[in-house]
Amino acid sequence: MKLTLGFSPCPNDTFIFDALIHHKIDTKGLDFEVEYHDVETLNLKAFQGELDITKLSYHAFAYAVEDYELLDAGSALGFGVGPMLITKDPKLAKLLQQKLERAESMEAFDQLKVGYPGKYTTANFLLSLAFPELKNKVELVFSDIEGALLDGSIDLGLIIHENRFTYAEKGLHKVVDLGDYWEKTTKFPIPLGGIVVKRSLPEEVKDTLNAILKDSVEFAFANPKSGLEFIRAHAQEMSEEVMYKHIELYVNKYSVALGIEGRNAITKMFEKAQELGFIPHSEKKLFLS
């Protein structure tokens, strides 16, 4: 059986899926037609139901939950792994930090232009949670945000993925780590992205997918350099050290299995987002049984 599969070219995803798509593990008769896209493109494809299995942001999952359910393996959750709001102006960074710490209104800054990686990214959900007044947003591919800050076309940038390792050396300054903000607010790990499967697929296929994805993650942990050339071929320009820092940050125990803590964190995010009117309500169960 051949299934369509979408994930990002980022090191954490290629690390997770290498063994599965290259048959380094037993895929139980399943084969995959793979597409590589940035996370917001994957989110939009999920809204159209274009892929059988796909990576997507947890924020976007709320808008695709009627058609997809979450696999237990393959997710990106954790502590200290969240998106970051940064700027070129150190004085602005300090001022916004103070406002956030004092829970003061940001209304005076509502015209600041923010570059962000997409409306349906978890990063945007967290930005709206911490800075609801910052609504003057321009959507950019995540890898272009640092450049837009440096050339002055935006005032603030919401960065994800490996950019958290590169912004400082480019002379940019952190306003806030939004993952840290979430953790302090909720005491839960931050749910960033997960792997979802079409509800319409047979239950035995979905169960097999979950099992072999877990096997793929465990193979990657046991053989971390096995997929090096595959990971490098799809990564943005970065050193091997940065690639593996990226992997270490986003691939962890929750990628093997969500567990009770992981499921509770995702449920908390959905409840919080529904309370604030960021996402629609749904009666569909989130998790593959």
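This is a guided tour of a predicted model, stop by stop.

Before selecting anything, note that residues are numbered from 1 along each chain as its sequence is written, and that side-chain values use heavy atoms, with hydrogens and water left out. In this predicted model, local features need pLDDT of at least 70 and side-chain atom pairs count only at pLDDT 80 or more, while totals for chains, interfaces and linings use all residues.

**Stop 1: the sheet**

Select β6 to β10, which form an open sheet of five strands in the order β8-β7-β9-β6-β10, with mixed pairing. Strands here are DSSP runs of E, at least two residues, and helices are runs of H or I, at least four residues, both numbered from the N terminus. Two strands pair if DSSP finds at least two bridges between them. At the edges are β8 (137–139) and β10 (173–177), each pairing on one side only. On average, neighbouring strands of this sheet are turned by 25 degrees against each other, direction ignored; the axes are lines fitted to C-alpha atoms.

Now zoom in on β7 (residues 114–116) and β9 (residues 156–159), which pair in the parallel sense over two bridges. Gly115 stands opposite Gly157 in β9.

**Stop 2**

Select Leu156 and show its surroundings. Leaving out residues up to four places away in sequence, Leu156 touches a set that includes Leu85, Leu112, Val114, Gly115, Leu134 and Val175; contact means heavy atoms within 4.5 Å.

Leu156 is also among the residues with the most contacts inside the largest nonpolar core, together with Phe61, Leu85, Phe131 and Ile266. This core has 57 residues. A nonpolar core is a set of buried Ala, Val, Leu, Ile, Met, Phe, Trp, Tyr and Cys residues joined through side-chain atoms within 4.5 Å. Buried means under 20% relative accessible area, exposed over 50%, and partly exposed in between, with a 1.4 Å probe and protein chains only. Helix α5 (residues 122–130) gives the most to this core, with six residues. A second, separate core of 36 residues includes Leu71, Val197, Ile212 and Leu228.

**Stop 3: Asn124**

Stay in helix α5 and select Asn124. Asn124 counts as buried because its relative accessibility is 6%. A polar atom of its side chain lies 2.9 Å from the backbone oxygen of Lys119. Beyond four places in sequence, Asn124 touches Tyr116, Gly118, Lys119, Lys137 and Leu158.

**Stop 4: His161**

Move to the loop between β9 and β10 and select His161. An unreviewed UniProt entry annotates His161 as "active site"; such annotations may be inferred rather than shown by experiment. With a relative accessibility of 14%, His161 counts as buried. Apart from neighbours within four places in sequence, His161 is in contact with Cys10, Phe142, His246 and Tyr250.

**Stop 5: Ser255**

Tyr250 is also a contact of Ser255, which lies in helix α11 (residues 253–256). Ser255 is buried, with a relative accessible area of 0%. Its other contacts, leaving aside neighbours within four places in sequence, include Ile16, Ala73 and Val217.

**Stop 6: helix α1**

Just after α1, His23 takes a positive phi of about 55 degrees.

**Stop 7: Glu271**

Finish in helix α12 (residues 259–275) at Glu271. Glu271 is partly exposed, with a relative accessible area of 41%. From Glu271 to Leu85 is 24 Å, C-alpha to C-alpha, with the two 186 residues apart in sequence.

Terms used: Axes fitted to C-alpha atoms, helices over the stretch in contact; angles between N-to-C directions. Polar contact = N/O pair within 3.5 Å; in protein donor to acceptor, adjacent residues only side chain to side chain.
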